[in-house]
Each structure stands twice: as structure tokens, then as C-alpha cells.
Amino acid sequence: MLEELKKIEQQALAALKGIEDEAALESWRVAHLGRSSPLMEAFKSLGKLSKEERPAVGQRANQVKLALEAALEERAEALKQAALSASLASERLDVTLPGRALPRGGLHPVTQTLRRITAIFAQMGFQVYRSRDVETDEYNFQLLNFPPHHPARDMQDTFHTTVPDVLLRTHTSPGQIHAMREYAPEPIRVILPGMCYRYEQINTRSEIQFTQVEGLAVGKNITFGDLKGTLADFARRFFGPQVRSRFRASYFPFTEPSAEMDIECFVCGGEGCSVCKGTGWLEILGSGMVHPTVLRNGGYDPEIYTGFAFGMGPERLTMLWYRIEDIRYFWQNDLRFLEQF
Ligand code: 2NL
């Protein structure tokens, strides 16, 4: 019997040597220490031995059991260590490698221009007034002195919704009516940046969506001189302190009188070049004194209050500044274009 136990121990220990993973180790445990293993069978048969034999064999069987359990534990620990070393080797991190640069985002060129414009007017005391992109025919046209069938509406083909008289704004001007109605009769100085929409034939100079920045100052004793001084100063702050500007008479339904402002071409210094089409001047915005009817629609008595207003296109200013030749680049979302700014 003692011989038998010695064999059981030797065979079990020999089998343990070849074990390389946890599943095999568990099978080994079942085979050599489990309920129907030779060792456990030996324990069961102790009762059949004589009184004299029993203590020595029992003691020996216990020794074998302890030895196998100890060997099992040792093997399990060794496997765990091996797995850890393998994962450390295969997932090694070289902390001396230079880091990977995070791709850095940037602001859209038109957003940059919008922010430059609003920052300049903010320094002159204008506050940004935001309003909705979806408007009614009344706010987008009628209150701005474009009656139904007025020829000026021809210039602004419009996206209509399926709700009658609800449309996408064709300019930011309806926001000016909202601003006036919110603050009248207090004096206001507001600037309105935002997206506008027109049903246009898309080409290098027109898109169906574009941004606009409009400005409005209403109060007592505001004159055309205030308009000229404010806008000429804007041109110097935006394009450079030496830039000259001029005003030309124009027409808008919501202003009277109306004027367009040109700046001296900063490409050729006024000599005439392809950017200014040989004129030496670049048109950059439209402006005028707020029409009395529009003032009244905004809640101001035109006998007491006057105001000036202006509007410009940030895409156009950005195109002039960087000599971009096609307005469609702005909303095509091609990174080869956008990453240049
Ligand atoms: C342009 C010209 C302009 C205005 C916008 C305005 C708004 C109200 C009253 C009076 Cl509520 N005027 N806006 C006035 C003159 C010109 O925009 O060429 N924009 C791109």
C-alpha cells in the first residue's frame, strides 16, 4: 500500500510538470485530488486495512495529499506569473517615445470674420442681438417697407415653409424689428450676425445660404454724420488704419437716404487691378438712415427718433481679404480649404 501511494505521488507530480495553462491545471486537480482520484480511493480503502497497518498508511496518504496540494498551488502561482510577464512583454509601453500630436480644430474662416466684426462694433458700444432664422413674411418684408409685390422682393427669392407666410429669413433685418420692439423707446445700438437664406442660382458669387452682419443705432439726434464716422472707423479697424473710404448714393426700401460704402482697394492701393476690376475701390457694405416707416414699425416715433443701419456680407469680406475666388468653398466643408485658415 505504501508502494502504491509512492506511485500515485510520483505519477501526479510528473503529470504536473507538463501543465501550461489553467484549464489543464484544473483537469489535473480533478484527476489527482478529486473525489474519484487514486489518492482519494486510497483514503476510502483505509478501513479495509488491519489495525497495525492503518496508522502508517493513513499518515503517508496525508503526506501525499499535502504534497500534491502544495505542488498544485505552486504550479498555479507560476502560471499566473508567466501570464503576467507575457502581457508585460507584449503590451510594453515605451514612455520615451514622443507623444502623438492631437489634431487641433480651428474656427471656420467666416466665423473668424464674424467675430472680428462683432468685436470692433462691441468696442463702439454695440451689443450682439440674436434672433431666429425662421420668420414670417410680415417681419422679413412687410415691416421693413417691402409691401407684397414690391419690386425689391425680386432680389430676394425666398424659401417658404409649408406653413403659409412662414419662411427662412432672406436677411438679418427682421431681427432689427425684434430688437427695436423689445427696447423702444430706449436708444439702442445692436449688431446682428447670422445665417440667411435665398433661393439663388448657385455660382461663384452666390450661395443659397450665407451670413450677414447688420447693425442698427436708434436714438435722439443720430445723424448721417454718425453713420459715416462709425462706418469709416470700422473700415480702418478692419482693413488697416490708413484705409480710405467713400460713400455712394444707393437705394434700400428700409433706409432713406441710402448709401453704399467703398474702401480704397488694399490690393493695388487704388491704382486699379483685377480685384477691384480697375476701379481702385471695393464695395464692402450698404447703409442708410432708417426709413421713418420702419422706425414707426419698430415702435419709435420718427418725429423724435432717428437712426442709422448698415449691412454687410462676411463671406464677401473674407473673400476680398484672402482673395478667395469662389464663394462655394465656404460651405463645401472641404478640409483642404478650411485647414488653410
Ligand atoms: C447690404 C445692405 C443694409 C440695412 C441693411 C436695415 C434694417 C432695418 C432698418 C434699416 Cl430694420 N436698415 N438694414 C440698411 C441698409 C443696408 O444692407 O448690402 N447688406 C449685405
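Predicted model: local features only at pLDDT ≥ 70, side-chain atom pairs only at ≥ 80, totals over all residues.
I then checked its sulfur: Cys-276 is in no disulfide, and the nearest cysteine sulfur, that of Cys-268, is 3.7 Å away. I took a disulfide as a pair of cysteine sulfur atoms within 2.5 Å. By this rule I count zero disulfides. Cys-196 I also list as buried, because its relative accessibility is 0%.

I number residues from 1 along each chain as its sequence is written, and side-chain values use heavy atoms, with hydrogens and water left out. Local features need pLDDT of at least 70 and side-chain atom pairs pLDDT 80 or more, while totals for chains, interfaces and linings use all residues.

Next, the ligand. I find 17 residues around the ligand, with a heavy atom within 4 Å as the criterion. Gln-176, Glu-214, Phe-254, Ala-309 and Gly-311 come nearest. For polar contacts I used N or O pairs within 3.5 Å. A side-chain N or O atom of Glu-214 is 2.5 Å from a ligand nitrogen; for Gly-311, a backbone N or O atom lies 3.3 Å from a ligand nitrogen. On its own the ligand has 490 Å² of accessible area, and the protein covers 88% of that (Shrake-Rupley method, 1.4 Å probe).

Last, the shell. I see that β9 gives the most to it, with four residues. α7 (173–183), β5 (209–219), β8 (281–290) and β9 (306–312) each supply at least two.

Terms used:
Buried < 20%, exposed > 50% of the residue type's maximum accessible area, 1.4 Å probe, protein only. Polar contact = N/O pair within 3.5 Å; in protein donor to acceptor, adjacent residues only side chain to side chain.
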